[in-house]
Amino acid sequence: MAKGSRRASALRTDWRAGVLGALAIVLVVGPLVLDSYWIGLLTQIVILAILAMSLDILLGYTGLPSLGHAAFFGVAAYAVAVLSTTYRADFWTSVLAGVAMGTASAAAFGLIVAHVRDVYFLMITLALGMVLWGLSYRWIPVTGGDNGISGIPTLEAHAGLPVAGPLAFYYVTLLVCAGCAALMRTLVRSPFGLTLRGIRENEARMRSLGFNTWLHCYLSFVIAGAFASVAGVMWAYYNGFVSPTYLDLTASSELFLMVTLGGPATLVGPLLGAGAIVLLKNVMSAYTARWLLILGIVYIVAILAAPQGIWNLGGRRSAGPERT
Amino acid sequence: MTYLITQSLNGLFSAALLFLIASGLTLAFGVMKIVNIAHGSFYMLGVYVAYTVVLRTGSLIAGALVAVVVVGVVGFVMQRVFLRRFGAEPLPQMMMTMGFALLFRDLALMIWGGDPFTLQYPAGLRASVEAGDVVFPSYRLFVIAVAALVAAALWLVNEKTLIGARLRATVDDPEMASAIGINVARLSGVVFAAGAALAAFGGVMGGPILGGYAGIDFDLLPLAFVVVIVGGMGSLKGALVGSIVVGMIDNFGKALVPELSYFTLFAPMILVLALKPTGLYGKG
């Protein structure tokens, strides 16, 4: 970075620190003063932030644009739903099986996609995601088809916690999110994470340096799938209901929008993106039925106005995966 | 045996529709490396526009013509005004088309309402053809024949004309193509518009049977993507072979194991990706 811009750079750092502080205050203290509607929205934001951050590992740090990432979220949510209702499984069985099944499907899909790159990766993950969506939609005996599965117990009751209600659930979710975020932050700063970034920038060079790039991409895919599964488990408990809409293309691309709008390869960006989309969606749908139209325009304007994402605004060098 | 023949003809009908959709998708991909999420929307817009025209004029041919022109123009404008800004960046392009897909879906809902409908069968094609034990609707045979004609025409354009030569050159190497004087930007616009028009035409052809409803865009899109992936991205021949493979498998899958119908598409895709990651006819 040029010397003259150091001052500007410091200002930008302050801007980011300020936003981070404000975010932390809203997330930690906010629910104590807000009513249950807003607590619900904050819970959604925090769960979807886990999901968006997990996609950021793939999209932002590894440069693998997955358009089927909501599928693993959906598999985990369905696993919890089926186990806790049809089979009356206990809490830990449901949670662990949910995460395990989401991760296992990521591990299986990863075998197919870990050697493909760029646009091909985009297209193939899109098709794979739609396959799982189709399964949830048509495999009616297990998934209930379009009606989905309802009657999932609340997390507090299922786990036998002494507290109950949206506030308690929110703080459990926040704790899970903070834990996941810390793990992901450690991951992307570890030698493994740095290797992922190396692959994003120049895979041929990384390979010639002796890195097994296939294995790194594969692991990155599986790890992202595992975190997406955690989000799926939380979502099943939050909503008490699962349906195929959580796996479909619109869900996956909304997720994609959260990451690109917030700023890829930042982890904080996806949190902002998740917040922006959830708030926009709920606030706008209170005023108009034309929500899809507005979302469509948001896509177009976001890409035209801030292609690098909010968190990367202000001249910071592109950290996005699309730079060549 | 009768069952087998009927189901194979049904499979060919699906393949015919899929080819009309997927050929444009694969060509746009070949020239611009664009993953067009709005491609199913072109199909949907085609049915809706044709529906309006058929209601006014009663002619499916007029409906098809208007739908092809209107959607072709929409595609051309979309490419020239929005997509070309992101020349070689597939991600912003994809996001852009996603935005348009949502926009088109909601606009269609606004203009035409949410009630599902089907287009009228053209006169003379309402009956069935009988051959021995096999009874098959003549309209489906007509669609298969039309798609075969379109495939032949596309092949002729691609192999025997100057535009086709330019197109193949651009698919092979866009930079080299523009260096030898091919106007890649204009060609991209034309190819994108032609692909949109083809999808709209597919919509009109499928209209009497599949009809139009909100959500048909995203119902068909994954099938078209599987065709393009199986056949090889950017290859017209691949789109043809891919749509026959996918149409057949989808049809027999739906008939034999209805619960897993989407899942049966998975098998050929994995097989192809495992053996040849770029698809049957794709270039590495």
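Is A:Ala104 buried, exposed or partly exposed? Select A:Ala104 to start the tour. Bear in mind that this is a predicted model.

**Stop 1: A:Ala104**

You are in helix α4 of chain A, which spans residues 91–113. A:Ala104 has 18 other C-beta atoms within 10 Å, so A:Ala104 is partly exposed. A:Val29 and A:Ala104 lie 75 residues apart in sequence. In space, their C-alpha atoms are 36 Å apart.

**Stop 2: two helices in chain A**

Select residues 36–62 of chain A, helix α2, and residues 268–287 of chain A, helix α13. Their axes are 8 Å apart, and the packing angle is about 135 degrees. That angle is why α2(A) and α13(A) are oblique to each other. The crossing of α2(A) past α13(A) is right-handed.

Now show the side chains. On α2(A), the residues in contact include A:Leu41, A:Ile45, A:Leu48 and A:Met53. On α13(A), look for A:Pro270, A:Leu271, A:Val278 and A:Leu279, among others. By class, this contact of α2(A) with α13(A) has 12 nonpolar, four polar and one charged residues.

**Stop 3: where the chains meet**

Show both chains. Chain A brings 35 residues to the contact, and chain B brings 34. On the chain B side, the elements giving two or more residues are α4 (90–112), α9 (216–231) and α11 (263–275). Colour the chain B side by class, and you will find 27 nonpolar, two polar and five charged residues.

**Stop 4: two helices in chain B**

From α2(B), select B:Ser41, B:Met44, B:Leu45 and B:Tyr48. They meet residues of α4(B) including B:Phe100, B:Phe104, B:Arg105 and B:Trp112. The residues of this contact divide into eight nonpolar, one polar and one charged.

**Stop 5: the nonpolar core**

Which residues touch the most other members of the largest nonpolar core? Select A:Ala77, A:Ala127, A:Phe227, B:Val71, B:Ala200 and B:Ala224. The core has 204 residues.

Finish on B:Ala200. Leaving out residues up to four places away in sequence, B:Ala200 touches B:Phe42, B:Tyr43, B:Leu45, B:Gly46, B:Ala67, B:Val68 and B:Val71.

Key. Residues numbered from 1 in each chain as written. Chains lettered and ligands numbered in written order. Predicted model: local features only at pLDDT ≥ 70, side-chain atom pairs only at ≥ 80, totals over all residues. Axes fitted to C-alpha atoms, helices over the stretch in contact; angles between N-to-C directions. Helix = DSSP H or I, 4+ residues; strand = E, 2+ residues; numbered from the N terminus. Parallel < 35°, antiparallel > 145°, perpendicular 65-115°, else oblique. Left-handed = near helix turned anticlockwise from the far one by under 90°. Contact = placed C-beta atoms within 7 Å. Nonpolar A, V, L, I, M, F, W, Y, C, P; charged D, E, K, R; others polar. Core = buried A, V, L, I, M, F, W, Y, C linked by C-beta atoms within 7 Å. Buried ≥ 20, exposed ≤ 12 C-beta atoms within 10 Å, placed from the backbone.
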